[in-house]
Every structure is written in structure tokens, then in C-alpha cells.
Amino acid sequence: MQSSSMDRKTKGRLAEAKVIAYLIENEYEIYLPFSNNSKYDLICYKDGAIKRISIKFTSVKKLSGTWVVEMRQISRRNNHINIDKFDSSEYDLIAVYISPIDKVVLVDAIKATKLALYIKN
């Protein structure tokens with residue numbers, strides 16, 4: 001299935017699965033939230049450090065070759081959908097799944113703006 005035919009939720013689940021596999025392959029311990037309204041997509045532990053992670057999916061590439069990741073937080077509470085700007089101070093890492101090249105990239109959260117993250121190829 002190509003990413004253009006997937007809905008937003010499916011893209012998110014695919015990104016989560018790819019990131020979890022990547023982290024396990026790189027010897028991280030993984031801790032997943034129990035509810036859908038958790039602040040973090042996952043928390044991982046390695047070498048004495050705990051990292052709070054936001055997982056993102058992208059398939060958007062600029063002509064310059066830079067991958068574009070839309071930075072926003074979507075939450076559902078009381079049957080309302082809330083879309084908030086990303087607050088990099090609340091996370092340690094952003095794990096991005098780049099669908100067209102089937103690659104996971106870990107980026108320090110501080111590198112993201114409230115609206116976007118740009119990853120050079």
C-alpha cells in the first residue's frame with residue numbers, strides 16, 4: 001500500500017511500528033502508553049537515559065531534497081479534536097519515519113519549530 005492511499009491514522013500506526021522496530025533493533029527498552037490520550041507516543045531507555053518521544057510520518061520532500069515533517073499535536077478529548085502547535089520542550093526526541101525510503105531518523109526535539117522539522121537527505 002502506498003502512503004498516498006493511507007489515511008492519517010494508518011500512517012501514524014505504520015510510523016509507530018517502524019520506530020518501535022528500529023529502537024528495539026538498536027537495543028532500546030520501549031515503554032508504550034496504555035491510552036490514546038497519552039502525552040508521549042513512547043518512552044525509551046538506553047544507557048541510563050530515558051527519552052520522551054514524539055513519532056512522526058512524512059512522505060513530503062522539497063525540491064532541495066529536504067524531507068518536511070509537519071509538527072503538530074493532535075489529541076481527542078470529550079469527542080473533540082484538538083490540534084496544537086508542537087512544544088519541543090516537552091520531548092527529548094522526534095522519531096520520524098520517512099515512508100518513500102523506508103527509513104527512521106531520530107532528531108533532537110529542540111531542532112523542531114512549532115510548525116515544521118526539516119531533515120536533509
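**View 1. A polar contact between Thr66 and Ser64.** The side chains of Thr66 and Ser64 meet in a polar contact of 3.2 Å (a pair of N or O atoms within 3.5 Å; within protein, one must be able to donate a hydrogen and the other to accept it, and residues adjacent in sequence count only if both atoms are side-chain atoms). Thr66 belongs to strand E5 (residues 66-70); strands (E, at least two residues) are DSSP runs, numbered from the N terminus. With a relative accessible area of 14%, Thr66 is buried (under 20%, while exposed is over 50% and partly exposed is in between; 1.4 Å probe, protein chains only). This is a predicted model, in which local features need pLDDT of at least 70, side-chain atom pairs count only at pLDDT 80 or more, and totals for chains, interfaces and linings use all residues. Residues are numbered from 1 along each chain as its sequence is written, and side-chain values use heavy atoms, with hydrogens and water left out.

**View 2. The tilted aromatic pair Phe57 and Tyr97.** Rings of Phe, Tyr and Trp (its six-membered ring) pair if their centres lie within 6.5 Å; planes under 30 degrees apart count as stacked, over 60 as edge-to-face and the rest as tilted. This rule gives 3 aromatic pairs. In one of them, Phe57 and Tyr97 are tilted, at 6.0 Å centre to centre and 55° between the planes. Phe57 sits in strand E3 (residues 49-58) and Tyr97 in strand E8 (residues 93-98), so this pair ties together parts that are 40 residues apart in sequence. Phe57 is buried at 19% relative accessible area, and Tyr97 is buried too, at 4%.

**View 3. The stacked rings of Phe86 and Tyr91.** Here the ring centres of Phe86 and Tyr91 are 5.1 Å apart and the planes lie at 15°, so the pair is stacked. Phe86 is buried, with 1% relative accessibility, and Tyr91 is buried at 6%. Together with Tyr40, Phe86 and Tyr91 make up one aromatic cluster.

**View 4. Lys46 over the ring of Tyr28.** Look for the charged end of Lys46, which sits over the Tyr28 ring at 4.9 Å from its centre (NZ of Lys or CZ of Arg within 6 Å of the ring centre and within 35 degrees of the ring normal).

**View 5. A nonpolar surface patch.** Tyr31, Tyr45 and Ile50 form this patch, with about 310 Å² of accessible area together (Shrake-Rupley method with a 1.4 Å probe; for residues, only the protein chains shown count as cover). Patches are made of residues with over 30% relative accessible area and no salt bridge; like charges are joined within 9 Å, and nonpolar side chains (Val, Leu, Ile, Met, Phe, Trp, Tyr) within 5 Å. A salt bridge is a side-chain nitrogen of Lys or Arg within 4 Å of a carboxyl oxygen of Asp or Glu. Tyr45 lies in strand E2 (residues 42-46) and is partly exposed, at 31% relative accessibility.

Technical notes: Helix = DSSP H or I, 4+ residues; strand = E, 2+ residues; numbered from the N terminus.
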